Amino acid sequence: MSLQDKYIQYGVSDNIAKELELKKLPVTTFRATSKENLINSYGVNENIIDFVKDCLKRQPIDEHTLHSLLDNSNFCCCLCKGTKSDAYIIHHIEPYSKSQNNNYDNLAVLCPNDHDIAHREGISLTLKITPDQIKKSKEKWEKEVKDRKIKAGLKEGNLHDIDFVNIPRILEICYNLFSNIPATTYSDSLIQMGILNSDNNINVKYFKENDIDPNIPFLEHGGYSTIHLRHHFFDLLLECIQKMELNDLDHLLKKKYIQDGSLINKLCFYVGGLYGHSPKLPITKATPPTHLYFRRKPYFVEWDINSLFLCSTTATIRLGSRSIYAIYGIIRNIGKITKDGTEFIHIKIRPLAFGSPKITKDRTPNIHYYKNNFADFDYPDEDYDES
């Protein structure tokens, strides 16, 4: 832990902590040194000395708690979101003097300005920041920060496993954006193996010579070359995404204009638990599409999955187990559908790729994602995803 972080553990603002770090003044030295020596020997401002000395009387915030709080708040104030100052201080929602509570739920990241307002006494409620306001702002800001991280991560392909890559649709987007198929870090090795042509597309001749159906490039082909091929086309998708607007489907579903057609052809992603159906094995060109979906009143959202482009047998099994996915797609149609006597807004999305996300959103408790492990229970769709 840096010297700056050690001061922050005690509730010292990061700008003051940074100044003390530059002076190479450890916490233990600060605590043991007189005000006179701190002024004369280290050049510390008298007002800062009083403030820091008071902070150092506390128990330090746990290191893990501190780092989690700062990371979840993106190192800025949960109230002003950094607009008033890029400096921050760890605030105790219930004052430390009363609670001695350093738990995560009692801490919030504030800028010095909002921190001062939160501690003012004897002012009107319209000018004061209340503990309840801080708690609500913290919760809302941490959710926004997490959503931003998920979106940024998905733009970089932040997945544990890739279960599906829609080769034809990705190639279509490549031609529309670049008029060709860009090279990826996997191109050279795949071309040398003969799996790709020089134009970075699948070499149908290679597959036929090796008695592999080129229409099922992942499931019938084994080894590292399959993984490289999967990542080649996934990287092509990521290259396209850098040129397009990537939307969070959760945000799009909140738009009042969802039925006016303006969302058609928008590129979007969704992270969360989805229902699905595993296709029957072995998969052939005659295998019908399967799908992933969720119901969240008033929406029924559905992705039709071409089974030919599933990346592994494990991926086919996972489709039927209500897994947590990150899925990229393009909205193709918005209409109406009736399920179990209830009418929903039906949103059809063409999937481009999906897999297991490294960061997930906080939704319904995870027990809902593992129905197969609790055969005696039946979870209705409405309980499955309640954002």
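1. In what follows, helices (H or I, at least four residues) and strands (E, at least two) are DSSP runs, numbered from the N terminus. The model under review is a predicted one, and the points below should be read with that in mind.

2. The second largest pocket has helix H5 (46-55), strand S1 (89-92), helix H7 (96-99) and helix H8 (112-119) each contributing at least two residues to its lining. S1 provides the largest share, with four residues. The volume of this second largest pocket comes to about 280 Å³, and of its 15 lining residues, Asp54, Cys55, Arg58, Tyr96 and His119 lie nearest the centre. By class, this lining is made up of six nonpolar, six polar and three charged residues.

3. The largest pocket has a volume of about 580 Å³, and 23 residues line it, with Lys143, Lys146, Asp147, Lys361 and Asp362 the closest to its centre. At least two lining residues come from each of helix H6 (63-72) and helix H9 (131-155), and it is H9 that gives the most, with nine residues. The class breakdown of the lining of the largest pocket is 17 charged, four nonpolar and two polar residues.

4. How many cavities of 30 Å³ or more does the structure hold? There is one, and the largest cavity has a volume of about 40 Å³. The residues lining the largest cavity are Lys149, Ile150, Gly153, Leu154, Asn158, Pro357, Lys358 and Ile359. H9 supplies the largest share of that lining, namely four residues, while by class the lining of the largest cavity divides into four nonpolar, two polar and two charged residues.

5. Asparagine 200 sits in the loop between helix H11 (187-192) and helix H12 (204-209). Is asparagine 200 buried or exposed? Asparagine 200 counts as buried because its relative accessibility is 8%, and the limit for that class is under 20%.

6. Once neighbours within four places in sequence are set aside, asparagine 200 is in contact with Ile181, Pro182, Ala183, Ser187, Ile191 and His232.

Terms used
Residues numbered from 1 in each chain as written. Predicted model: local features only at pLDDT ≥ 70, side-chain atom pairs only at ≥ 80, totals over all residues. Heavy atoms only, no water. 1 Å grid on protein atoms, 1.4 Å probe; cavity = no way out; pocket = protein on both sides within 12 Å on 5 of 7 lines; lining within 4 Å. Points joined across faces, edges and corners; volume = space filled by probe spheres on them. Nonpolar A, V, L, I, M, F, W, Y, C, P; charged D, E, K, R; others polar. Buried < 20%, exposed > 50% of the residue type's maximum accessible area, 1.4 Å probe, protein only. Contact = heavy atoms within 4.5 Å.
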